[in-house]
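User: Hey, can you help me find my way around the inside of this protein? I'd like to go through it bit by bit.

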Amino acid sequence: FGCMDREILTLQFGEYSNFVASHFWNLQAEEYDRSKEISPALFRGYGKKYIPRMVSCSYQGSFHDVAFRQSTGLPSVTTWDAPVQTIQSEAFAPTQYQTLLAEEQANLDHKQKVEIDLSQTKPDYNLTEEVNVWSDFLRCEVAPRSAYEITQVTHSDEASINQLGSFSNGKMILEDPYECDELLDRIRWMVEECDSLGGIQLFSDAEGLFGGISHSILTHFKDDFSSNVPIFTYNLSSSQERNDYHVFNEAYSTAQLSELSDLLIPLSSHEITSNSLPYIKTNNANWFQSSSVMGAAIDTMTRGIYYSSRVNHGVAMSNLANHLGKVAGLSISIPFSPTMIIDAIHSSLLSSNPDIIPKQIHQLQNVVSLTGNMSSDFYPSRQTISARGISNELAKQEFLERAKELPKHCNYESVSSVEDLFNYYFTVSNPNNVLLTYDEAAVRVPPAFPHPDYSLDCEFITSFDGRVTTMPILTHLQTGRNVKQAVKKLAQAIQSSSKLKIDECADDIAAARNLLQDLEDENEGE
């Protein structure tokens, strides 16, 4: 199918998953500002606005929709003679960014010219310090029924740094008919708003109770709605005080959700918190910071699905899942530099040994794994490359400029487009089963972004007033022996669970171990 006429429902289950998804939606809003076009796969009309086709599930008290809902005086009650007690929920102070959003929205509602002075604001609008919950920096307005807060677990300071509870806790929460029906009713409402549901993308916290909630909801969805709708699951780990229980829940949820997903991608913020990205300060990154990289990666990775008419070689969800298999590992280059591809080509041209093959994409400098414990030693069995923000003209100019440095005896092919550049690289690097999707348009970076973390020295980043405005991004999805190493590590966590006090029964743990073994076998490699 093509996603231009089929809708995609996004489910966001867990605090960190909602952080990542908020960055994802902010990137879509920024895309709209650039192109003035909206993806009907991701958004629906709601009054005079477009809202995301999404359902969020998070802790009680984690949704502060103060950017678009300004407090007003309560009306007097005149239909009741007895005393009336008014109960109001806790008032949340808006972040500086939300205050600016509200000011902008008020001007738009009154058809006034939007002129907001940003000269006294920090490049990140002080969000790195002020953000407490995911809605603190969400730019998109969401439908009232899109956000559900579970009643049994309240948001706390710890919930902003660690994933809480266990997989079995989440399953037990949805055994409560109220909790389960409330969440399913919201999903049912959003599905009924679709003309033809084409797929689901699930952002799910991996290390705590939301893994169990995700599993229960996907099981209900397949029973109540459709078992044929493609499902992509991003299983996200992020606990800053990670312990053996977090590791077990990550492994267990990966096994259980893989059985219900067409494609599952394990992702871990721990892979980007040690200054592993050369142009980004990631040491001791908080969730607002690390989730910006995750959101940008998922946005670029899915670009060919949701904006298939604007990119080269768009791909349907079902075709991508069929190409890759059940589980895949994701890497990112942010910002992406075409010179790393050109350097790989040149290394082949300069080599005196024709049998020496340049590094594969995932082995190149500034390409960093977002999947925990994924190896980089092997050739992928199947892979997908998504590139954004490098124009055909820039690819041609960079290649010609760097070619001047080659010795005169080197013969090289001409490059006149992004596709030419990658095809040249594929010719010399001989990759297995690769799909390429690319979009020449620059990635516009939203205002609600950790701008100070990004080095403005990179020649391919554009900036204004200390804020990143555009940058190119590349993502790489792969299956094979590198991913097998990641799955093997998860299987070892299941194997070691006998040392932990956990609620899952022995039969369920054995089944999870078998599921991970199947994923290992699938990624044995070619």
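User: Let's start with Tyr 234. Which residues does Tyr 234 touch, not counting those up to four places away in sequence?
Analyst: Keep in mind that this is a predicted model. Tyr 234 touches Gln 201, Leu 202, Phe 203, Ser 204, Ile 265, Leu 267, Ile 298, Met 301, Thr 302 and Tyr 306.

User: OK, and how many residues does the largest nonpolar core have?
Analyst: That core has 68 residues. Tyr 234 is among those with the most contacts inside it, along with others including Trp 25 and Leu 267. There's also a second, separate core of 57 residues, which includes Leu 202 and Phe 210.

User: Switching to rings: how many aromatic pairs are there in the whole structure?
Analyst: A search turns up 21. One of them is Phe 19 with Trp 287, an edge-to-face pair at 6.0 Å centre to centre with 80° between the planes.

User: What does that pair tie together?
Analyst: Phe 19 is in helix 1 and Trp 287 is in helix 8, so the pair links parts 268 residues apart in sequence.

User: Are Phe 19 and Trp 287 buried or exposed?
Analyst: Both are buried.

User: Back to Tyr 234. Which cluster do ring pairs link Tyr 234 into?
Analyst: The cluster is made up of Phe 24, Trp 25, Phe 43, Phe 203, Tyr 234 and Tyr 306.

User: New topic: where does the charged end of Arg 303 sit?
Analyst: It sits over the ring of Tyr 307, 4.3 Å from the ring's centre. Arg 467 lies over the face of Tyr 125, at 4.5 Å from the ring centre.

Note on methods. Residues are numbered from 1 along each chain as its sequence is written. This is a predicted model: local features need pLDDT of at least 70, side-chain atom pairs count only at pLDDT 80 or more; totals for chains, interfaces and linings use all residues. Side-chain values use heavy atoms; hydrogens and water are left out. A nonpolar core is a set of buried Ala, Val, Leu, Ile, Met, Phe, Trp, Tyr and Cys residues joined through side-chain atoms within 4.5 Å. Buried means under 20% relative accessible area, exposed over 50%, partly exposed in between (1.4 Å probe, protein chains only). Contact means heavy atoms within 4.5 Å. Rings of Phe, Tyr and Trp (its six-membered ring) pair if their centres lie within 6.5 Å; planes under 30 degrees apart count as stacked, over 60 as edge-to-face and the rest as tilted. Helices (H or I, at least four residues) and strands (E, at least two) are DSSP runs, numbered from the N terminus. A charge sits over a ring if NZ of Lys or CZ of Arg is within 6 Å of the ring centre and within 35 degrees of the ring normal.
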